[in-house]
Amino acid sequence: MASTEEAVRTGESTLQELARRHLWMHFTRMSAYRDHEVPIIVRGDGCYVWDEHGKRYLDALSALFCVNIGHGRADVVQAGADQAKELGFFTNWSYAHPRAIELAARIASLAPGDLNRVFFTSGGSEAVESAYKLARQYHKLTGKPNKTKLIAREIAYHGTSMGALSATGITSLRQPFEPLTPGDHHVPNTNTYRLPDGISESWFAESIAEKIEFEGPDTVAAVILEPVQNAGGCFTPPDGYFERVREICDEYDVLLISDEVICAWGRLGEWFGAIKYDYLPDMITTAKGITSAYAPMGAVIASERVFAPFQTGTHSFTHGFTFAGHPVCSAIAMANLDVFEREGILENVRANEGKFREMIEGLRDIPIVGDVRGTGYFLAIELVKDQESKETFDDEECETLLRGFLSGELYRRGLICRADDRGDPVIQLSPPLIAGPEQFAEIEEILRSVLTEAGERMHVHSGTGHFAVRPGV
Ligand code: PLP
C-alpha cells in the first residue's frame, strides 16, 4: 500500500507520489518520471487547463485532438447527470434506449450521403476494429468470403486493439505485438513535402490500385484512410485523391472506410472530413469530438449498402461492446452537438482557420521549420536540419530534439501541443474549436522562441546548409 503520509513527509504532493506508484500511463516511458514530476492537470476552462500547482496552460492539442468545444462546459456535464438520474445504463445488445436512438438519427442526418446506420462503440480503436470486422462479415454475407484484407497507409495511426493495430502503419507500435491480425497491407501516405523525385501526386492513389492488384482483388475487403492523416504530421490529400480512391474501390468492390476519429466534428471546419473533401465512403469511423471528450464514445457510421445484408433474414453483425451507446455518453454527445449548433462552432473554425494558418506560416523564417501543413484547426510543423535540402533528423537527434528539449520546454512555457516523431519530427497543433486570434498569438509567441532555441541547440542555421549536434545537448 502506498503511504500518503510518507508523501507528505517528503514534501511531495500526495498525488505525485500516488501517480508514480500506481498510475500506469499510456504510451509513456514511466522511467522518465523517476526524477521528474508527473504533469497532473486538475482543471480546465475554455482553451486553458491548470496543473496541480495552479499553473495555466494553453491547450493547443484539445487534450488529445478531442475537447472540441473546450473545457469546463457545465451544461454538457449536466446533460449527463440528468440522464444518469433517469436511466443510468442500459445496453445496446438487443435493447435500445431513447438517447442512443436520438443520437443515431442525429448523426445520420449530419453524415454524408446514405451513411445512415450508426453502430456505437466506446472509442476510436473499437470503431476501427468494428469497421474492419464489419467489412469482413459484409463480404462473407455477399458471397465473397475471401475478401478479408485491409489496406491502410504508412505511418497512419488507427488504434491499438489487434485489428486496429494491424491497420496502424507505425513499425515501432506494431513490432512489440507481432504477429498481428493477418491481412494488413500498407501503401504510401500523401506526404507531398517528401514526394520522391520524378513521381507525380497521382501516384498516391494509384499505389492503392497497384496494391489491390498485387494482393488479388478477390482478397481485399477494405481500404482505411483518414481525410487528413494525423501521424507523420497532418498530411492533406492532393486534389482529386479521394475521387480516384473512390473509383478504385468501386472498380474492385473494396469498401472505403474514412477514419475520422480526429477529422470529424468540426476539426476541419465541417461535420466530417469526407464532406470537406467531397467523397462518399462506405463507412466512417469516429470518436473523440463526438462528445468533445466529456464522455468516452465512438461509432461506425455505415451506408445502406453495408447494412443491407444485415437487414433481412437471420444474420446479425456478431459483434458488440457492453458500454457502447451508453445513455449517459449519448446524452452528453447530444448536448455537445447542441453546443456546436447553438454557438456556431463550425463557423468559428471557418472564420478563423485562415488566421491560424497564417500565424503558423509566419514561423517559416525560423531555420528549423521545414514545412507547415494541414487544414482547419489541425496543423503540423515539420522540423528539419536544413530548409533547402529538407534533411531530417536521425533517431538519436530526434531523441535529443523532441524528448530532450521540445516537449519539456513547450510544457514549461505553458503550451500543450505535440512533439511527435512517429514519422519525421513534427509539432502538432489542434486547439479547441472555440480558439481565436488571442490564442493563436499566444501559440505563436511561445513557438517562435522555443523553436528558435531548438534550432540553435541543434546548430541549425539559416541558408548555410550547416548542421551539427552540440555535444551534451
Ligand atoms: N483512429 C485514428 C485516426 C486516431 O487518431 C485514433 C486515436 O488517436 C484512433 C483511431 C484510436 O482511437 P482511441 O484512442 O479512442 O482508441
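The centres of domain 1 and domain 2, taken over C-alpha atoms, are 26 Å apart. Domain 1 covers 39-71 + 345-457 and domain 2 covers 74-342, with bounds that come from an automatic or database domain assignment. This is a predicted model, in which local features need pLDDT of at least 70 and side-chain atom pairs count only at pLDDT 80 or more, while totals for chains, interfaces and linings use all residues. Residue numbers start from 1 along each chain as its sequence is written.

Where the domains meet, 28 residues of domain 1 are in contact with 24 residues of domain 2 (C-beta atoms, placed from the backbone, within 7 Å). On the domain 1 side, α14 (345-361) and β11 (369-375) are among the elements that each supply at least two residues, and α14 gives the most, with five residues. Helices (H or I, at least four residues) and strands (E, at least two) are DSSP runs, numbered from the N terminus.

Now to a pair of helices. The axes of α15 (residues 395-412) and α16 (residues 437-457) come within 10 Å and cross at roughly 155 degrees, so α15 is roughly antiparallel to α16 (an angle over 145 degrees). Axes are lines fitted to C-alpha atoms over the stretch in contact, with angles from 0 to 180 degrees between N-to-C directions. Leu401 and Phe405 are among the α15 residues that meet α16, whose side includes Ile446 and Val450.

Methods
Angles under 35 degrees count as roughly parallel, over 145 as roughly antiparallel, 65 to 115 as roughly perpendicular and the rest as oblique. Two residues are in contact if their C-beta atoms, placed from the backbone, lie within 7 Å.
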